[in-house]
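This report describes a single protein chain from its computed geometry. Please consult the sequence and the coordinates alongside the text.

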Amino acid sequence: MSSDKLGSSVNYKRQEAGYRDQALKLYPWLCGRCAREFVFSTLKELTVHHVDHDHTNNPSDGSNWELLCIYCHDNEHDKYTQHAKYQTDASSTNNEQDSATYNPFADLKSMLKK
């Protein structure tokens with residue numbers, strides 16, 4: 001491997017670790033698609049997905065990130081790849097929404113009042 005590629009790979013790993021750590025501090029540890037919950041021992045299966053698919057777009061407020069389990073993350077990238085390759089609709093074939101189906105903060109206000 002050339003020194004340019006090696007340096008680039010090391011720099012990317014460092015950048016990825018930075019935004020992953022930040023995303024894990026910002027968001028609850030659950031998948032934004034299937035709502036699977038994670039604990040420290042399974043955290044390696046929770047990934048940071050870039051909503052706009054641009055891995056260099058890492059705003060500090062996390063607005064371009066969502067946490068997805070490895071399975072939903074693979075599915076999301078497969079939809080993106082299929083769309084790019086075949087110019088097909090990137091949405092799910094069974095009319096599922098592209099947004100998260102579970103909102104862990106939906107009833108937060110009433111929970112805080114208790």
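The model is predicted, so local features need pLDDT of at least 70 and side-chain atom pairs pLDDT 80 or more, whereas totals for chains, interfaces and linings use all residues. Residues are numbered from 1 along each chain as its sequence is written, and side-chain values use heavy atoms, without hydrogens or water.

**Overall fold**

The protein contains 3 helices and 2 strands, where helices (H or I, at least four residues) and strands (E, at least two) are DSSP runs numbered from the N terminus. Along the sequence their order is α-β-β-α-α. Of the 114 residues, 24% count as buried; buried means under 20% relative accessible area, exposed over 50%, and partly exposed in between, with a 1.4 Å probe and protein chains only. The accessible surface is about 8300 Å², and carbon and sulfur atoms account for 53% of this area; the areas come from the Shrake-Rupley method with a 1.4 Å probe, and for residues only the protein chains shown count as cover. Among contacts (heavy atoms within 4.5 Å) between residues at least 6 apart in sequence, 51% join residues at least 24 apart.

**The strand pair**

Strands β1 and β2 run antiparallel and are joined by 5 bridges; two strands pair if DSSP finds at least two bridges between them. Thr 47 has Leu 68 of β2 as its bridge partner. Strand β2 (residues 65–69) is largely enclosed by the rest of the structure, because 5 of its 5 residues are buried. In a regular strand the side chains alternate between the two faces of the sheet. The table gives the directions in β2.

| Direction from β2 | Residues | Burial |
|---|---|---|
| One way | Trp 65, Leu 67, Cys 69 | buried |
| The other way | Glu 66, Leu 68 | buried |

**His 49**

His 49 belongs to strand β1 (residues 46–50) and counts as buried because its relative accessibility is 1%. Its side chain makes a polar contact with the side chain of His 77 at 3.4 Å. A polar contact is a pair of N or O atoms within 3.5 Å; within protein, one must be able to donate a hydrogen and the other to accept it, and residues adjacent in sequence count only if both atoms are side-chain atoms. Leaving aside neighbours within four places in sequence, the contacts of His 49 include Trp 65, Glu 66, His 73 and Glu 76.

**Phe 105**

Phe 105 lies in the loop between α2 (70–86) and α3 (108–113). Phe 105 counts as partly exposed because its relative accessibility is 46%.
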